[in-house]
Amino acid sequence: MKLLYQAFVSSIGYAVIGLSSAAKDADKTTLQNINNNNNLRGQQHHLAIAKRNLITTTCSNPASSGTLTLQDTGSYPSTSGTDCFYVYWDDSKCNAGSKCPLFVYVDGTTNAQSITDRDTYYLQLMADNGYVAVSADYNDVCGLLTGCSYLNGCDGADGFRAKSAAIFEDRAGSVINQLCNSDTAPVDCSMGIASSGWSQGAHIAALAGNYNSQVTGALLFANGNYNDDIVDTSVACVNDDQLILPKERRRSLVGMCVLFDMIFCLCLI
């Protein structure tokens, strides 16, 4: 656990704080050119959003989760209608006089609709290291009768691209837009935004840089790009050539499932 802790902090810290101005400018130029020529969602979104409090009409703020006491919560227009996000920071490190970069964590299938031990660990870890940390929900339904939302793959109204854009694209109401323009959360997004995720959440987090040029680092767990154990599901949109965030700004940890161990693997993701 200690090694994971150190690897997590060093990977995210390097990716966000270590980005040079020249590289950051180059990334922004690349993103703008691609979006101008082939907008990923078929329309341009322009920013004219005043600073405001987070939208909290549908989400409650849990008093605590384990040892973590959340600072704020909000809701955003998602592919399933409305979903929640949960925010934490350390007041001694992030405050009105000393704002912090942003860390966004997206959990895996069947785990995204609540704060779990995994969310708590990552939020606490990143807050302890000087980040405003947020965990974002999304449509992660997976059942025998409903099927799994991730089987929609990359495209469509509930695909990975749409889910990532709803969180990371800087448009009215998105998670990123609310936090980067918030009067309540001590965030300075110009310092960098780190994305991270687990399984389906890792696919969503991997695409973050395609929708926001301020995303400067990604740490991804269990985000293999092809599954053929139960049903063939290609997620080519997370291939290296489809991601705008440079390779040196991404870290990906991927395991392997074999058929006889499928039940165990499904429990892990």
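## The sheet

Two strands count as paired if DSSP finds at least two bridges between them. In this predicted model, 7 strands form an open sheet in the order 1-2-4-3-7-8-11, and the pairing is mixed. Strand 1 (72-78) and strand 11 (250-253) stand at the edges, and because each has a single partner strand, one side of each is left without a neighbour in the sheet. On average, and with direction ignored, neighbouring strands of this sheet are turned by 20 degrees against each other.

Within the sheet, strand 2 and strand 4 run antiparallel and are joined by 4 bridges, and Val-87 stands opposite Val-134, a residue of strand 4. Helix 3, which covers residues 117-128, packs on the sheet and touches strand 2, strand 3, strand 4, strand 7 and strand 8, while its direction makes about 160 degrees with that of strand 4.

## The nonpolar cores

The largest nonpolar core holds 43 residues, and those that touch the most other members are Phe-85, Leu-102, Val-104, Ile-167, Phe-168 and Leu-179. Two or more residues come from each of several elements, among them strand 2 (81-88), strand 3 (102-106), strand 4 (132-136), helix 5 (175-180) and strand 8 (215-221). Helix 4 gives the most to this core, with 5 residues.

A second, separate core of 20 residues includes Leu-68, Phe-103, Tyr-122 and Tyr-131. Returning to Leu-102, and not counting residues up to four places away in sequence, its contacts include Tyr-131, Val-132, Val-134, Ile-176, Leu-179 and Ile-193.

## Aromatic rings

A pair of aromatic rings is described by the distance of the centres and the angle of the planes. The count here comes to 4 aromatic pairs.

Tyr-122 and Phe-221 are both buried, and together with Tyr-105, Tyr-121 and Trp-198 they form one aromatic cluster.

## A residue with positive phi

Ser-199 lies in the loop between strand 7 (193-198) and helix 6 (200-206). The phi angle of Ser-199 is near 60 degrees, which is a positive value in a residue other than glycine. Is Ser-199 buried or exposed? Its relative accessibility is 9%, and because buried means under 20%, Ser-199 counts as buried.

Terms used
Residues numbered from 1 in each chain as written. Predicted model: local features only at pLDDT ≥ 70, side-chain atom pairs only at ≥ 80, totals over all residues. Heavy atoms only, no water. Buried < 20%, exposed > 50% of the residue type's maximum accessible area, 1.4 Å probe, protein only. Core = buried A, V, L, I, M, F, W, Y, C linked by side-chain atoms within 4.5 Å. Contact = heavy atoms within 4.5 Å. Axes fitted to C-alpha atoms, helices over the stretch in contact; angles between N-to-C directions. Phe/Tyr/Trp six-rings, centres within 6.5 Å; stacked < 30°, edge-to-face > 60°.
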